[in-house]
Amino acid sequence: MKTKLKLDAVQLMRFIRDRMSEEMRGMTAQQQIEYIAEKSGLAAHKGKEVPVRNANST
């Protein structure tokens, strides 16, 4: 017998976003990129500077 799981995707996304915002409060853009890469398992750039595009850059 299958059990139906109710999932509120919007509520889950807001929860995750709010938690990450709190954890990253006060970090620079570069630190945020490294934090997300580490948490997602994509820390292949470890030790390398990751370029950050400025909103004013072309």
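What you see is a predicted model, in which local features need pLDDT of at least 70 and side-chain atom pairs count only at pLDDT 80 or more, while totals for chains, interfaces and linings use all residues. Residues are numbered from 1 along each chain as its sequence is written, and side-chain values use heavy atoms, with hydrogens and water left out.

Now switch to a cartoon view, where the secondary structure of the chain comes to two helices and zero strands; these are DSSP runs, numbered from the N terminus, with helices being H or I of at least four residues and strands being E of at least two. Of the 58 residues, 10% count as buried, a word that here means under 20% relative accessible area, whereas exposed means over 50% and partly exposed lies in between (1.4 Å probe, protein chains only).

Next, select residues 29–40, which make up helix α2. Within α2, pick out the buried residues Gln 30, Tyr 35 and Ala 37. Seen down the axis of α2, these buried residues fall within an arc of 165 degrees, so they line one face of the helix, the arc being that of the directions from the helix axis to the C-beta atoms. They pack against α1 (9–24), with contact taken as heavy atoms within 4.5 Å. Just after α2, stop at Gly 41, which takes a positive phi of about 85 degrees.

Then turn to the salt bridges, of which a search of the whole structure finds two; each is a side-chain nitrogen of Lys or Arg within 4 Å of a carboxyl oxygen of Asp or Glu. Select Arg 17 and Asp 18, whose closest N and O atoms are 3.4 Å apart; Arg 17 is partly exposed, at 45% relative accessible area. For the other bridge, select Arg 25 and Glu 22, with closest N and O atoms 2.6 Å apart. Arg 25 counts as exposed at 61% relative accessibility, while Glu 22 counts as partly exposed at 49%.

Technical notes: Expected span 1.5 Å × (residues − 1).
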